[in-house]
Amino acid sequence: MLTELISKENFIIQQAADDWKDAFNIVSQPLINSKKIKPEYVEAMIKRVEELGPFINLGKGIAIPHARPKDGVLEKSMSLLKLEKPVQLLNQEGQEVNILIVIAATDNESHLKALQELTVFLREDENIRQLNQVENYEEFVALINNTKE
Amino acid sequence: MLRIMAVCGSGLGTSFMVEMNIQSILKDLGVSSDQVNVGHTDLGNASANQADVWIVAKDLENSVAHLGDVRVLNSIIDMNELREVITEVVKEKEII
């Protein structure tokens with residue numbers, strides 16, 4: 001499920017981003033291109049962090065930017081950006097993230113299976129360590145498939 | 001029946017992840033779903049009578065004080081921290 005949503009087109013590895021907002025734009029671009037989300041969904045994700053704080057920061061360098069279905073989701077989708085150099089959410093100390101996973105949900109339930117897989121995956125520090133070493137999409141798929149229960 | 005609710009900004013992502021991890025921990029502790037009910041919600045829809053204990057990430061700490069018994073997490077995916085918090089809660093409530 002996770003690797004179906006995070007398809008090859010929706011998986012990006014990049015050296016660096018200008019800042020956290022730039023990273024949000026980069027990770028969202030494939031979803032905009034394939035008409036899974038409207039451009040305003042990106043603005044909504046940024047606005048939510050500005051209003052509510054960095055609640056999307058899961059810790060350990062991982063963030064899951066997302067807004068609400070009505071903020072411009074056209075089709076359930078996810079994308080992943082891995083940065084070699086972290087960005088700071090809200091430019092704040094201690095908010096360094098280098099893996100951003102956008103969640104675009106069409107309702108409150110349908111994306112939960114993928115999120116469940118992600119949650120189980122992220123429970124193990126070893127998985128996060130290996131995710132940080134992944135160099136291409138094929139390695140990412142292999143890692144996810146290997147760690148499935 | 002003890003009711004634990006995970007809260008986040010949207011109710012779509014992080015609170016669901018926390019709910020799942022709480023359920024996994026309760027299972028490890030041998031606590032059944034008859035004894036403890038776990039749910040997740042967003043900040044806008046959360047009201048004090050929905051749960052006995054609220055679990056929230058650090059950044060929302062100040063937004064949820066009105067809900068009552070609030071426990072704060074530094075990291076959403078740190079299972080060790082969450083295990084400590086949940087174990088403390090179920091001990092306090094004399095479930096284990």
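This is a predicted model: local features need pLDDT of at least 70, side-chain atom pairs count only at pLDDT 80 or more; totals for chains, interfaces and linings use all residues.

Student: What makes the pair of A:Trp20 and A:Phe24 edge-to-face?

Tutor: The ring centres are 5.2 Å apart, and rings pair if their centres lie within 6.5 Å. The planes stand at 90°, and angles over 60 degrees count as edge-to-face, so the pair of A:Trp20 and A:Phe24 is edge-to-face.

Student: How do you know that α1(B) is largely enclosed by the rest of the structure?

Tutor: Buried means under 20% relative accessible area. Twelve of the 16 residues of α1(B) are buried, so the helix is largely enclosed. Among them are B:Phe16, B:Met20 and B:Ile25.

Student: And how do you know that the span of α1(B) agrees with its number of residues?

Tutor: At 1.5 Å a residue, its 16 residues should span 22 Å, and the end C-alpha atoms are 23 Å apart, which agrees. Just after this helix, B:Gly30 takes a positive phi of about 80°.

Student: Why is the meeting of B:Asp42 and A:Arg68 called a salt bridge?

Tutor: The N to O distance is 3.5 Å, and the cut-off is 4 Å between a side-chain nitrogen of Lys or Arg and a carboxyl oxygen of Asp or Glu. The count between chain A and chain B is one salt bridge. The two chains bury about 1900 Å² between them, 67% of it on carbon and sulfur atoms.

Notes: Residues are numbered from 1 along each chain as its sequence is written. Chains are lettered from A and ligands numbered from 1 in the order in which they are written. Side-chain values use heavy atoms; hydrogens and water are left out. Helices (H or I, at least four residues) and strands (E, at least two) are DSSP runs, numbered from the N terminus. The expected span of a helix is 1.5 Å times one less than its number of residues. Buried means under 20% relative accessible area, exposed over 50%, partly exposed in between (1.4 Å probe, protein chains only). Rings of Phe, Tyr and Trp (its six-membered ring) pair if their centres lie within 6.5 Å; planes under 30 degrees apart count as stacked, over 60 as edge-to-face and the rest as tilted. Buried area is the accessible area (1.4 Å probe) that two parts lose on being put together, summed over both.
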